Amino acid sequence: MFADNLNDMLYKEYQPSALLSPYIETYWTSNSPGNGEFHKVLPDGCVDIIFQFNKTKNIFYAEICGTMTTFLNMNFLESIQIFGIRFRPIGITFFTRVPVEEFTDKNVELALVDTLFDKSFYEILPEKRSVEDMIKHVDNYLINNLPYLYSSEKQIIHAVDLIYLTKGQLSLTTLAADVCLCQRHFERKFKSAIGISPKMFAKISRFKHALWCLKNYSHKDLLTIAIECGYYDHSHLIKDFKSLSGHGPTNLLQ
């Protein structure tokens, strides 16, 4: 997931160790003021593990946020500190055999799933006093697990790279042929590893690129950006924006 209007929550990103960069996109933190306001989170094709700290009540909560197919409105009634690990698409499957598609569009308490962390990890993390200490703790733990990584689907990794490279504009038929799989088998393996279908993943990639273009090329009209980003026309772009963010492009930018 990626933040849209989380500025009030003091959202900030941090890079993982270079050894972990093939698997983790970013660490991130957010401090909710606890005023009950809604903050929109947009889908990005990734799986996040989220740790929540309520130091006033001495509460620590951890959950896995699966790959999202639409936006999520978050609101917190109490002041909460959040620390997140955003895995790259397919990245989490190197560390755990928990089926990713079980968590699509869900937030599930980590205690209820067999994840990549052991009991000592959970006991030590809440004791860390700074973000830097938490990152160091996670880095060290995951680096120590690198010799024991599960093998992953190289064809799906290649497919994800191609979708990113083409900003979601490569046809699924061409994509399946490029990774030497029949389309049905390709779609099944992709969904198992990423949590969503290749069609949805391409849709999200195209949406993210279009949103970036709208922010950075304000002198271009909507139709021009739509065509350049692989949409049939501006109405197709608007339809995707509404389904993924709940807003048309103009309202979302505002």
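Predicted model: local features only at pLDDT ≥ 70, side-chain atom pairs only at ≥ 80, totals over all residues.
Six strands make up an open sheet, and the order across it is β2-β3-β8-β5-β6-β9. The pairing is antiparallel. At the edges stand β2, residues 12-14, and β9, residues 107-109. Each of these edge strands has a single partner, so one side of each is left without a neighbour in the sheet. From one strand to the next, the twist averages 25 degrees.

Now to strand β5, which covers residues 47-54. On one side of β5 you have β8, residues 80-87, and the two strands pair in the antiparallel sense over seven bridges. If you want a residue pair to look for, take Asp 48, whose bridge partner in β8 is Arg 86. The other pairing is with β6, residues 59-65, again antiparallel and with seven bridges. There, Ile 49 has Ile 64 of β6 as its bridge partner.

How many of the residues of β5 are buried? Eight of its eight, so the strand is mostly covered. In a regular strand, side chains alternate between the two faces of the sheet. In β5, both faces are covered. One side carries Val 47, Ile 49, Phe 51 and Phe 53, and the other carries Asp 48, Ile 50, Gln 52 and Asn 54.

Let me stay with Asn 54, which is found in β5. Is Asn 54 buried or exposed? The relative accessible area of Asn 54 is 8%. The cut-off for buried is under 20%, so Asn 54 counts as buried. Leaving out residues up to four places away in sequence, Asn 54 touches Ile 59, Glu 78 and Ser 79.

Next is strand β3, residues 24-32, which is joined to β8 by eight bridges, with the two strands running antiparallel. Ser 30 lies in β3, and the bridge partner of Ser 30 in β8 is Ile 82. Ser 30 has a relative accessible area of 1%, so this residue is buried as well. For a sense of distance, Ser 30 and Ile 59 are 29 residues apart along the chain, and their C-alpha atoms are separated by 16 Å.

Helix α2, residues 131-144, lies across β2, β3, β5 and β8. The angle between α2 and β3 is about 150 degrees.

Helix α3, residues 154-165, packs with helix α6, residues 198-216, at an angle of about 35 degrees. Their axes are 9 Å apart, and the crossing is right-handed. From α3, the contact uses Val 160, Ile 163 and Tyr 164; from α6, it uses Pro 198, Phe 201, Ala 202 and Ser 205. By class, that is six nonpolar residues, one polar and no charged.

Helix α3 also meets helix α5, residues 183-194. Here the axes come within 10 Å and cross at roughly 85 degrees. That angle makes α3 roughly perpendicular to α5. On the α3 side, the residues are Gln 155, Ile 156, Ala 159, Val 160 and Ile 163. On the α5 side, they are Phe 186, Lys 189, Phe 190, Ala 193 and Ile 194. By class, this contact has eight nonpolar residues, one polar and one charged.

That is the end of the walk.

Conventions: Residues numbered from 1 in each chain as written. Heavy atoms only, no water. Buried < 20%, exposed > 50% of the residue type's maximum accessible area, 1.4 Å probe, protein only. Helix = DSSP H or I, 4+ residues; strand = E, 2+ residues; numbered from the N terminus. Pairing = 2+ DSSP bridges. Contact = heavy atoms within 4.5 Å. Axes fitted to C-alpha atoms, helices over the stretch in contact; angles between N-to-C directions. Left-handed = near helix turned anticlockwise from the far one by under 90°. Nonpolar A, V, L, I, M, F, W, Y, C, P; charged D, E, K, R; others polar. Parallel < 35°, antiparallel > 145°, perpendicular 65-115°, else oblique.
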